[in-house]
Amino acid sequence: MTGRNTPSTAVDLVLDDPKTDLAVLRVKDPKGASFPALSFADSDQLEVGDLVLAIGNPFGVGQTVTSGIVSALARTGVESDNYEFFIQTDAAINPGNSGGALVDLSGHLVGINTAIVSRSGGSVGIGFAIPANMAKLVAETGIAGGALVRPWFGARMQAVTADLADSLGLGQARGALISELAPGGPAQQAGFQDGDVILSVDGFAIEQPSAFDFRLATKPVGATADIKFFRGGKTQDKVVTLVAPPDGGKPVTVSGNTRFSGTTVETVTAAVAQELGLPYDARAVVVRKVEAGSPADDMGLRAGDLILSLNGQNTADAETFGKLANDRPRSWSVVLQRGGRTIRAEVSG
């Protein structure tokens with residue numbers, strides 16, 4: 001498995017996981033060769049100050065090993081579209097190290113190097129790695145040949161400030177406060193309420209919402225999670241069976257002789273709405289991809305656009321959009337949302 005900036009080689013892409021920026025690759029023709037492999041360490045056992053080695057190909061100079069320590073754990077604010085729970089290290093990581101291994105002194109994989117903070121473009125001792133426990137789930141799913149489906153809890157959360165902690169009687173600012181529940185979602189069905197503060201998952205302390213997201217994302221659908229939470233001045237405990245997000249059907253890619261050719265859309269379910277920061281009852285399709293140079297690209301559609309209707313007909317699911325987009329009217333009346341703004345456009349057929 002590797003980061004996205006891997007040079008093109010004779011491999012098949014088995015699994016691509018944008019949420020972690022990881023992929024699983026299979027060598028097409030190994031020509032009888034066998035490849036040594038690192039074993040995964042339990043990244044939850046890492047501690048600040050542990051010695052680690054970063055392996056990679058910085059600036060294309062060739063395979064390089066650098067040493068350092070674990071500077072911090074559970075770092076956030078690094079890559080907003082990723083699970084924010086990074087290992088920070090001062091082992092030198094430079095451009096070209098992305099996708100390389102971060103190993104402990106026993107030679108076990110503790111992380112995958114993924115990002116740096118730098119004003120010059122080179123290492124200043126602030127590097128980040130994806131924890132091995134997250135990488136392991138991606139690897140095992142790719143090897144098994146299945147689709148990567150992560151559990152969905154069905155609740156929006158916010159950090160607990162000192163003022164909130166005082167008002168709730170929590171004592172100190174910690175945990176993830178449930179601010180909204182998806183109607184009929186897993187959290188509501190399990191008996192959680194607005195205002196509950198999640199304190200731990202399977203014994204791991206939850207200091208912020210990103211920590212809760214990470215803990216669920218490293219567990220398979222069907223597993224259970226022991227969730228400790230605070231409500232009404234008391235600490236309570238629930239064991240929750242983790243479920244998949246609601247099925248909105250497969251994404252639909254429009255092709256053929258239509259102005260929307262080159263567009264891939266997905267139905268906005270409650271889980272997708274949460275991901276996009278929309279109300280849980282949003283009804284639309286979201287543009288996931290627009291092929292460069294396609295008619296849809298020429299028309300000005302962008303990834304992230306929410307398409308609400310075509311020629312006055314609601315596009316509440318991807319299948320409906322696909323059928324409407326293949327009509328041949330003289331002109332199109334398109335209603336979409338972009339960056340929180342509703343846009344109405346008339347486009348020739």
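Modeller: A charge is said to sit over a ring when NZ of Lys or CZ of Arg is within 6 Å of the ring centre and within 35 degrees of the ring normal. This is a predicted model, in which local features need pLDDT of at least 70 and side-chain atom pairs count only at pLDDT 80 or more, while totals for chains, interfaces and linings use all residues. Residues are numbered from 1 along each chain as its sequence is written, and side-chain values use heavy atoms, leaving out hydrogens and water.

Colleague: How far is the charged end of Lys 238 from the ring centre of Phe 192?

Modeller: Arg 215 lies over the face of Phe 204, at 4.0 Å from the ring centre. For Lys 238, whose charged end sits over the ring of Phe 192, the distance to the centre is 5.9 Å.

Colleague: How is the pair of Phe 260 and Phe 321 classed?

Modeller: Rings of Phe, Tyr and Trp (its six-membered ring) pair if their centres lie within 6.5 Å, and planes under 30 degrees apart count as stacked, over 60 as edge-to-face and the rest as tilted. By this rule the count comes to seven aromatic pairs. Since the rings of Phe 260 and Phe 321 have centres 5.6 Å apart and planes at 85°, the pair is edge-to-face.

Colleague: Are Phe 260 and Phe 321 buried or exposed?

Modeller: Buried means under 20% relative accessible area, exposed over 50%, and partly exposed in between, with a 1.4 Å probe and protein chains only. Thr 263, at 0% relative accessibility, therefore counts as buried. Phe 260 and Phe 321 are likewise both buried.
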